[in-house]
Amino acid sequence: MDVDREASGRAMLAGLLDASHLMPLDALPRKADEFARLGGFTDLLIYVADIQRRELHLLADPHSTPLGAEKDIRIEGTTAGRAYQYGWLTSSSLREAAGIDWWLPIVDGAERVGVLRVRSVYDDDRAREDADRLAALLALLIVAKRTSSDALARLMRTEPLNIGAEMARNLMPPSTYADGRVVISASLEPAYRISGDVYEYALDGPLVHLTIFDAMGHDNAAGLCAALALGACRNSRRQGAGLVAKGAAVEAALIEQYGDRRYVTGILATLDTRTGELSWVNRGHHPPVIIRGSRWISHLECPPAHPMGTGLEMPSTVCREQLQPGDRIVLYTDGITEARALDDTEFGLERFTDLLIRHHADGLPVPETLRRLIKAVLDYHDGHLQDDATVLICEWLSPNADDTEPAAALTGLLFSDPPPHSVSTTSDGQPDMRNDGGEPVAAACEPSALVTRQSPEGLSRAPARANEHGSTQSRPQRPHPGRFPCRSGRADAEAVPNAIALIPAHRGMAARLCTHHPTPQGLNRGSDPVLLADSLPETGSAGSFRSDHTDSLSIIEIMNS
């Protein structure tokens, strides 16, 4: 152990933590840069994601904005964005005398806050660990201070919020939560024009409470109605009310305030993480959806009671469903499925569930799955929704809160022991596919390559290392069906029969594969990488490679750029 570096790393974190108690958020970038130098990091920049998670915005001291720093960075297709999307430590530069530039995700618990950029004097596991801890501390400080910072609130917005959105976003919990038992993520659009949708999740020992409400109307009155419903639900739950009683409490509060002029539909659910039993009550809302094993969908049926606030006195029925580990519960509002394209066709439940399954199969972090899903809904509606569109996803993992590795993988959190494996990236966030002369070519088969097969198994993790250009991109191997590391230009023959390994390629560029089983006629065989000039799709979640000259069918995954 390097005692001096260990002491320097502790001094960096302890100094920033001590200073944070009486520090305004505006001073955080300057103070963080000052203490980061103790750990061997310079040129520190902090970026926070906007509400829609489309851009990263520079958090800067108003009196000392860094010269030459980009103020706004797109999440899609950039090195900084990849760190945010996947939880990777990424590098976009060659190693220089002054150090190497890294981007790291800033994550509070499982909530993605933004990214950190530092220049590190060292390029080793010790430095990566220190940088990761610095990013974690920054996340805690940003979240602790953001409720009192109007400057941060403005920075996270690309346009003004309406009053309903201002209320709702201060009532709802963070968009992502995870522990060893569950992973929860939620999203609400239109981000700046919310009217009557709200969601909530809460933990009470082994119980996870899930709630989604959709209030009548599209105005500030709808926002007030939703806020009242959420407050009444939360208040009754914290007094020990069950599912039926919570719905009754919401209805009583609405009728007291509005008579029978306003109503709210919703799902009130409770997951018992000890057993995997899901209990729920439907108050005039779309039923929950269950995704199982990336291939099976169940639309849970339960006799609905009347919407809360109408006073129709229909009985509320508590329905139950036994989940399996890995099942995802999906609650949503009608703005998702009823979004319409320019030709007036609905987005529809089938398209919605198909997107959920495909992104689930991609093995993306749950928050990234949801971000892409919401983007697809917005794109379908040409970016302008006529109604609130809300999704709340909860994945049950196990009864054990301490077994956190699956949850860490599902949320894109970095592992520090053992270190994650690495791949290189270029300055525009694409995989580095240069040859020794610096010319762009198809990627060589590195330990970062993924091999995919059809039978589900777990995953191992490969150690981190930089490529010949000195840049790295670190991420955990997710425990997702069918992925294995490609070692030394060769798939693991014992673990992966009939498998093909693939490094993500540039759009329109050939990809280099490594395989130890028969390949199509006319191509190299054995462990030597083979180049398929025009055989692979440019983008997509998953595709099939077929040939009349091979006796096997393998699934190929193309990572989106």
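## A buried alanine

A residue is called buried when its relative accessible area is under 20%, exposed when over 50%, and partly exposed in between, using a 1.4 Å probe on protein chains only. At 11% relative accessibility, A408 therefore counts as buried. This alanine sits in helix α12 (residues 405-411); helices here are DSSP runs of H or I with at least four residues, numbered from the N terminus. A408 and G180 are 228 residues apart in sequence, yet their C-alpha atoms lie 8.4 Å apart in space.

The model is predicted, so local features need pLDDT of at least 70 and side-chain atom pairs pLDDT 80 or more, while totals for chains, interfaces and linings use all residues. Numbering starts from 1 along each chain as its sequence is written, and side-chain values use heavy atoms, without hydrogens or water.

## Two nonpolar cores

Now to the cores, meaning sets of buried Ala, Val, Leu, Ile, Met, Phe, Trp, Tyr and Cys residues joined through side-chain atoms within 4.5 Å. The largest has 51 residues, and L210, F213, L271, L278 and I329 have the most contacts inside it. Helix α7 (residues 220-237) gives the most to this core, with seven residues. A second, separate core has 32 residues, including A36, L104, L137 and L141.

## How α1 meets α2

Helix α1 (residues 3-20) packs against helix α2 (residues 28-36) at about 155°, with axes 8 Å apart. The two are therefore roughly antiparallel, a label for angles over 145 degrees. On the α1 side, M12, G15, L16 and A19 make the contact, and on the α2 side L28, K31, A32, F35 and A36 do; contact means heavy atoms within 4.5 Å.

How values were computed:
Axes are lines fitted to C-alpha atoms, for helices over the stretch in contact, and angles run from 0 to 180 degrees between N-to-C directions. Angles under 35 degrees count as roughly parallel, over 145 as roughly antiparallel, 65 to 115 as roughly perpendicular and the rest as oblique.
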